[in-house]
Amino acid sequence: MQLFQDGVLQGLGVDAIPGTDRPKNLDGTMVGDIGFDPLGFSNWLNLNWAREAEIKHGRVSMLAATGMIVQDLVTIPGFDKEFSGAAMMKLHNLAVKQGAMQQLLVWLGLLEIISGVPAIIQTLKGSERMPGDFGFDPLGFGKDPNKLARRQLVELKNGRLAMIAVGGMVHHYLLVGRGPIEFIKNIPNFKNPLPPF
């Protein structure tokens, strides 16, 4: 597997935890591997399966983080009529009541059964398929191995950041009742950053 700039930017040759040995299964051959595994999961988990899960969660989190920000900036025509301007958790609860979330669950579950389960089975059987690669590249971004290696590293790092960001935005909304952009608009004057209790 080709690593972007031979793994230098992802920490190849660097100890993630100073003073400890690098875990034996984290040898730096996977994209984004910096040898950080203080609990030893790499000793008993299939790393391709774990990477597949990490990439999938990262991709979903990047979409979710984008959606959480966009819903504070843009309103789809007709949306106010159905959901009366609700955002984040309020929108989720209204969508569950109206049945929209059940449709998402059914259709995304079907998509996962059709594409995700066979991919995991291939991965666990030891195929040459790279985690996260579904063979869908209509624009040909994967033709150049150097560019593909960089894109894989960027996707992994952005996915990791997005997973943290989504958790932060959801907890922030639960605490203050405002979306990220709505909250930021109140910061310069420090006027009413928290909702009335």
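I begin with a definition: a residue is called buried when its relative accessible area is under 20%, exposed when that area is over 50%, and partly exposed in between, with a 1.4 Å probe and protein chains only. By that definition R59, at 29% relative accessibility, counts as partly exposed.

Two remarks on the source are needed. This is a predicted model, in which local features need pLDDT of at least 70 and side-chain atom pairs count only at pLDDT 80 or more, while totals for chains, interfaces and linings use all residues. Residues are numbered from 1 along each chain as its sequence is written, and side-chain values use heavy atoms, with hydrogens and water left out.

Let me turn to the overall architecture. The protein has six helices and zero strands, where helices are DSSP runs of H or I with at least four residues, strands are runs of E with at least two, and the numbering starts from the N terminus. Along the sequence, the pattern reads α-α-α-α-α-α. Of the 197 residues in the protein, 27% are buried. The accessible surface comes to about 13,500 Å², and carbon and sulfur atoms account for 66% of it. These areas come from the Shrake-Rupley method with a 1.4 Å probe, and for residues only the protein chains shown count as cover.

Next, contacts, which means heavy atoms within 4.5 Å. Among contacts between residues at least 6 apart in sequence, 52% join residues at least 24 apart.

How do helices α3 and α5 pack, and at what angle? Helix α3, residues 88-98, and helix α5, residues 145-176, pack at about 90°, and their axes are 9 Å apart. α3 is therefore roughly perpendicular to α5. On the α3 side the contact is made by M88, M89 and K90, and on the α5 side by M169, V170, Y173 and L174. For reference, the axes are lines fitted to C-alpha atoms, for helices over the stretch in contact, and angles run from 0 to 180 degrees between N-to-C directions. Angles under 35 degrees count as roughly parallel, over 145 as roughly antiparallel, 65 to 115 as roughly perpendicular, and the rest as oblique.

Helix α3 also includes Q98, which counts as partly exposed because its relative accessibility is 45%. Leaving aside residues up to four places away in sequence, Q98 touches E82 and F83. Q98 and F83 are 15 residues apart along the chain, and their C-alpha atoms are separated by 9.6 Å.

I now come to the charged pairs. A salt bridge here is a side-chain nitrogen of Lys or Arg within 4 Å of a carboxyl oxygen of Asp or Glu. How many salt bridges does this rule give? The count is six.

One of them joins D33 and R22, at 3.3 Å from N to O. Both D33 and R22 lie in the segment before α1, so this pair ties together parts that are eleven residues apart in sequence. D33 is buried because its relative accessibility is 5%, whereas R22, at 25%, is partly exposed.

Another bridge is formed by the side chains of E54 and R160, at 2.6 Å from N to O. E54 belongs to helix α1 and R160 to helix α5, so the pair connects parts that are 106 residues apart in sequence. E54 has a relative accessible area of 22% and is partly exposed; R160, at 28%, is partly exposed as well.

R59 and E155 also meet in a salt bridge, at 2.5 Å from N to O. E155 is partly exposed, at 26% relative accessible area.

Is D72 buried or exposed? D72, which is found in helix α1, counts as buried because its relative accessibility is 17%. Apart from residues up to four places away in sequence, D72 touches G179, P180, I181 and E182.

I69 is also placed in helix α1, residues 47-73, and counts as partly exposed at 34% relative accessibility. Together with V70, L73 and V74, I69 forms a nonpolar surface patch with about 330 Å² of accessible area. Patches are made of residues with over 30% relative accessible area and no salt bridge; like charges are joined within 9 Å, and nonpolar side chains (Val, Leu, Ile, Met, Phe, Trp, Tyr) within 5 Å.
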